[in-house]
2 protein chains.
Amino acid sequence: MAEKLTIRDVARLAGVSKSTVSLVLNESPKVDPATRRHVLEVMRRHNYVPSFAATALSRGNTGLIGMIVPGLTWRFMADINYGVAKVIEDTKYEIVLFTNTKDGGYGGILERILTSGLTAGLLVVAAYDQPLEPLIELQRNGLPIVLINTLGRASELPSVGADNYAGGAAVGEHLVSLGHRRIASVLGPTDHPYVQERLRGLRDVLHAAGIAPDPSLELDSGFVEETIRGQVRGLFELPPGRRPTAIFAYHDPAAFTVIDELHRCGLKVPEDVSVVGFNDIDAASHVRPALTTIRQPFVEMGGRAAELVLSAIAEPDEEQPARQALLPVELIVRDSTGAVPAA
Amino acid sequence: MAEKLTIRDVARLAGVSKSTVSLVLNESPKVDPATRRHVLEVMRRHNYVPSFAATALSRGNTGLIGMIVPGLTWRFMADINYGVAKVIEDTKYEIVLFTNTKDGGYGGILERILTSGLTAGLLVVAAYDQPLEPLIELQRNGLPIVLINTLGRASELPSVGADNYAGGAAVGEHLVSLGHRRIASVLGPTDHPYVQERLRGLRDVLHAAGIAPDPSLELDSGFVEETIRGQVRGLFELPPGRRPTAIFAYHDPAAFTVIDELHRCGLKVPEDVSVVGFNDIDAASHVRPALTTIRQPFVEMGGRAAELVLSAIAEPDEEQPARQALLPVELIVRDSTGAVPAA
DNA sequence: CTGTTAGCGCATTCAG
DNA sequence: CTGAATGCGCTAACAG
């Protein structure tokens, strides 16, 4: 059953030549609508689908888009992938998934991809510990690459990322509009570019509001929960006038920790202190108080990245300007922020 | 740079013929070790990798293994994929990922895969709402398929799954050994095969211990949290002698809900009531009391499934007996279970 | 507009 | 053991 038909069979069945069939397949306008319809009909009836391998070989393009991900455990990977898949599935391309299971960087993957012509383009979800150079090298060799840049790393590669600066600014504007003037930041690892961007956004807004930066309120908290707890306690051991009335945490789990520690200190959220997170993870809306936070557009990022590779593949000549798309983030106001308490 | 070399170039550079190079590539023993080494050396030096498309066309095998997943949001998908990737990366195959983004079933994917010869084999992570027939059909047409059967669905397809029966039995044995005789089950959706299997395992153990089944302790709780809370309360409105001393929840989040509701009812875990979950999600070890639960071997499931397709691809003739591999689960004893309280 | 003729890069006979 | 000849299924000029 379902014996595989070749283009030749279709040609015979339709009473035309192979190339006519090929032209129909490639939607060439150079074929008579009637013949075209007829050929399509034959194809459908016999359930013909062109051979993937043959098409790839002949065209010099495999119709495969590689996607390198650092792993699937990261909670937003699902969204990114969804965005990518949504775009790709409407094309003739398929996604080849490469998961970094080994520590040794991208290993032989990249080399293999390039020289074997495995994929027509590459989507790379930036990982903390992977250097970008090999990718840039690949790109120079003609492989369209788009970086899904969740880390805000600067590079000459085309990339899509979230507008972390705007995120920080939005938080600042929201808090300032509520009357807050002493805003602390639990920054996580401050050497990460995205953290710096957010802080810059926040500072700029504060500056514009006439609020001078206070280093004692900008905390490099790293990734360790205990550090955060200690820092939060430290904040409220400051002289009363120097204590913050709002805390901006670099991601939602950190915000939860902050809130929990505030509660332990006998402070109420948002009555005594307002708290803002980042990322809008599922739990943010379920927790109490529901968390005010910034939503990153991961689905859109995936989709946009896919569109970018696709277009780079379609027009390889056009020396694509390295586009660094920054997608807008969204402030989600919930219950963890409120007006500044009366002094 | 890195102009793509063909087998012909390598032949020329090595001073042999194309077919010799080909034989070397395919590790044929019919080539002189010296020439072989020489050719390999040339390939390495010039960074030659055979063209993916050409190899695929010529061999009639794309070297691609498709993986259909219902989505990446499901938390265990990462583990399954990791297991698959671990196995696949040591072979010449790559993974093509298909995500069901549309509701309409597998859509055209399956048809396309078969007739275009896109993939050499298929790994399908079972989804709740997808029928298996199309897959069986594909398999009949010669496409090796392995079902990663997280739902315990019966089918003639080769599949790997977790031993849910053993899981239920292990829970039973653990609780019985602690002296419990009145064990309630918060079953989730009882029409799901895996739920039934677990219940069967539990019942069999209870039966062997001389404990008669009690329908009032077997609760079809569906997926809704409120239902579970109500049922838990109901359990402790039973006459004192008929109340359970232990509760088996069909998954960890449900167990958390159960524990929370017990606390609200003024009952302590495990002093008054023991609670067991299923799946061993990350939170299970972080929560208090740390949850006793059953770990499912998702990584191993992925790996095993990958091995199965690979072998089916390698030996297509051998009318593979439809293997239904059931991988062992593991009881993780933590703090939520304890000796039955003294009457 | 349609049919003819060459390859694409490799695997696989088949002689030598 | 090695080299020359075919073909995989399709696309892409090129004639007709």
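Reader: Which residues come nearest to DNA strand D?
Author: This is a predicted model, in which local features need pLDDT of at least 70 and side-chain atom pairs count only at pLDDT 80 or more, while totals for chains, interfaces and linings use all residues. Residues are numbered from 1 along each chain as its sequence is written, with chains lettered from A and ligands numbered from 1 in the order in which they are written. A residue is near a strand if its C-beta atom, placed from the backbone, lies within 6 Å of it. Of the 26 residues around DNA strand D, the nearest are Ile7(A), Ala54(A), Ser58(A), Ser17(B) and Ser19(B).

Reader: Which element gives the most to the surface near DNA strand D?
Author: Elements here are DSSP runs numbered from the N terminus: helices (H or I) of at least four residues, strands (E) of at least two. Two or more residues each come from α2 (18-25) and α4 (52-59) of chain A, and from α2 (18-25) and α4 (52-59) of chain B. The top contributor, with 5 residues, is α4(A).

Reader: How do the residues near DNA strand D divide by type?
Author: Ala, Val, Leu, Ile, Met, Phe, Trp, Tyr, Cys and Pro count as nonpolar; Asp, Glu, Lys and Arg count as charged; the others, Gly among them, count as polar. On that scheme the surface near DNA strand D has 8 nonpolar, 12 polar and 6 charged residues.

Reader: What about DNA strand C: which element gives the most there?
Author: DNA strand C is surrounded by 26 residues, and the closest are Ser19(A), Thr6(B), Ile7(B), Ser51(B) and Ala54(B). Two or more residues each come from α2 and α4 of chain A and from α2 and α4 of chain B. With 5 residues, the most comes from α4(B).

Reader: Which element gives the largest share of the side of chain B that touches chain A?
Author: Contact means C-beta atoms, placed from the backbone, within 7 Å of each other. By that test, 37 residues of chain B meet 36 residues of chain A. α4, α5, β2 and α6 (109-116) of chain B each give two or more residues. The largest share, 6 residues, belongs to α5(B).

Reader: In β2(B), what is the bridge partner of Ile95(A)?
Author: Strands pair if DSSP finds at least two bridges between them. Strand β2 (residues 94-99) of chain A and β2(B) pair in the antiparallel sense over 3 bridges. The partner of Ile95(A) is Leu97(B).

Reader: In β3(B), what is the bridge partner of Met67(B)?
Author: Met67(B) lies in β1(B). This strand pairs in the parallel sense with β2(B) over 6 bridges, and with strand β3 (residues 121-125) of chain B over 4 bridges. In β2(B), Met67(B) bridges to Leu97(B). In β3(B), the partner is Leu123(B).

Reader: Is strand β1 of chain B mostly covered or uncovered?
Author: A residue is buried if 20 or more other C-beta atoms lie within 10 Å of its own, exposed if 12 or fewer, and partly exposed in between, with C-beta atoms placed from the backbone. Leu64(B), Gly66(B) and Ile68(B) are buried on one side, and Ile65(B), Met67(B) and Val69(B) on the other. With 6 of its 6 residues buried, β1(B) is mostly covered.

Key:
Contact = placed C-beta atoms within 7 Å.
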